[in-house]
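Could you walk me through this structure, one piece at a time? I'm new to it and would like a plain tour.

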Amino acid sequence: MTREPLILGIETSCDETGVGIVRGTTLLANAIASSMDEQARYGGIVPEIAARAHLEALTPTLDAALAEAGVALSDVDAVAVTSGPGLAGALMVGVGAAKALAIALGRPLYAVNHLVGHVGVDLLRPADAGGGPLELPTVALLVSGGHTSLLLVRDLLDDVELLGETVDDAAGEAFDKVARLLGLPYPGGPQIDRAAAGGDPAAIAFPRGLTAAKDQAAHRFDFSFSGLKTAVARYVEQCQARGEPVPVADVAASFREAVVDVLTAKALAACRELGVPRLLLGGGVIANARLREVATERAAASGVALRIPPLALCTDNGAMIAAVGAQLVMAGRAPSGWDVGADSTLPATVVQA
């Protein structure tokens, strides 16, 4: 096709129902419905609740995206959908809906990797600004409630290498668990951020997981936050055992600093050791103010160009899936087969399922 393709993207990997519409690299709509309030009652994501919420939210979110973009469903050239990684039940809802739409419309279907979507979203710019080039190769640090991954992206569609990932808790998961330890509500990220604003980040020397010399060979670019979470729990228990009030602000600030220190240090080490002067941040935890601040300072000091997509495009969304779908269409890639399914453990190296 001679004009840029109009792509509908569907994202249901966790607790956010996202429907995005892009034309080439131009963002037309980014509609999101979240089941976070329902999940908050349980202090974390309940997969069954997330899947049922997607079922209820998909149609109204699709309608909202079409209205925002000012297009009709029949105008869509292709349908893209997250096929993994993520929660199996939640993914199945999105994949099933995308298949139904593609078949009903007589349009091709593209099953896309969720993690690669967080990289591809950097292509998108507002409708009045047009798209922007995604400079490659780039190191990408993706940080969310379910994933903490470090990627080397040489080519968005053909060459994505997983450098490292979390070996236990994801960073966002650690924020939620520590918030619970401190008596703060779910989701933990924003709550820790607020509490830390009045604390001393150097007050408590919490551990930095997988940064010791003995870890460098096997886990150079991997992450671990379980030990940090346990250290916070022990500190809180010791305060309570002594009958002392827990210094919530200092604990929050020191915990956050430990997480931010490890994330930025490993990401910039990858840039340095691989000779890649670019770093892209993505995922919902990028909304953390201290993470953005430290990443900006350290990247500048290291001579690394830092890219952070607009915060509305950092959290899980359908626009990022549509963005990758558009690249696949424009590259002339064949659609995914109708037998494609949800793959909760889809490797980051598989861009299209």
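Which residue in E11 does Arg-278 stand opposite? Arg-278 faces Ala-305 in E11. Before going further, a word on the ground rules: this is a predicted model, where local features need pLDDT of at least 70 and side-chain atom pairs count only at pLDDT 80 or more, while totals for chains, interfaces and linings use all residues. Residues are numbered from 1 along each chain as its sequence is written, and side-chain values use heavy atoms, with hydrogens and water left out.

Arg-278 belongs to E10, and 3 bridges join E10 to E11, the two running parallel. Strands count as paired if DSSP finds at least two bridges between them. On E10, Arg-278, Leu-280 and Gly-282 point one way, Leu-279 and Leu-281 point the other way, and all are buried. Buried here means under 20% relative accessible area, with exposed being over 50% and partly exposed in between (1.4 Å probe, protein chains only). Since 5 of the 5 residues of E10 are buried, the strand is largely enclosed by the rest of the structure.

E10 also pairs with E7, in the parallel sense and over 4 bridges. Here Ala-140 stands opposite Leu-280 in E10. Now zoom out to the sheet: it is open, has 5 strands in the order E9-E8-E7-E10-E11, and its pairing is mixed. Strand E9 (159-165) and strand E11 (305-307) are the edges, each pairing on one side only. From one strand to the next, the twist averages 25°.

Next comes a helix that lies across this sheet. H9 lies across E7, E8, E9 and E10, and runs at about 165° to E7. Axes are lines fitted to C-alpha atoms, for helices over the stretch in contact, and angles run from 0 to 180 degrees between N-to-C directions. H9 covers residues 248-274, which makes 27 residues, and it reaches 39 Å from its first C-alpha to its last, close to the 39 Å expected at 1.5 Å a residue. That expected span is 1.5 Å times one less than the number of residues. Because 19 of its 27 residues are buried, H9 is largely enclosed by the rest of the structure. Just after H9, Gly-275 takes a positive phi of about 70°.

H5 is another helix to look at, and it has two helical partners. The axes of H5 and H9 come within 11 Å and cross at roughly 170°, so H5 and H9 are roughly antiparallel to each other. For these words, angles under 35 degrees count as roughly parallel, over 145 as roughly antiparallel, 65 to 115 as roughly perpendicular and the rest as oblique. Where they meet, Ala-171, Ala-174, Phe-175 and Val-178 in H5 touch Phe-255, Arg-256 and Val-259 in H9, with contact meaning heavy atoms within 4.5 Å. With H8, the axes come within 10 Å and cross at roughly 5°, so H5 and H8 are roughly parallel to each other. There, Lys-177, Val-178 and Leu-181 in H5 meet Lys-229, Val-232, Ala-233 and Val-236 in H8. The cover over the buried residues of H5 includes E7, E8, H6, H8 and H9.

What sits inside all this? The largest nonpolar core has 48 residues, and those with the most contacts inside it are Leu-141, Leu-150, Phe-255 and Leu-279. Such a core is a set of buried Ala, Val, Leu, Ile, Met, Phe, Trp, Tyr and Cys residues joined through side-chain atoms within 4.5 Å. H9 gives the most to this core, with 14 residues. Leaving aside neighbours within four places in sequence, the contacts of Leu-279 include Leu-141, Ala-267, Leu-268 and Val-304. A second, separate core of 34 residues includes Leu-27, Tyr-110, Leu-115 and Ala-319.

Finally, look at strand E4 (residues 78-84). As 7 of its 7 residues are buried, E4 is largely enclosed by the rest of the structure. Strand E1 (residues 6-11) runs parallel to E4, joined by 4 bridges, and Gly-9 stands opposite Ala-80 in E4. E4 also pairs with strand E5 (residues 109-113) in the parallel sense, over 5 bridges, with Gly-84 opposite Asn-113 in E5.
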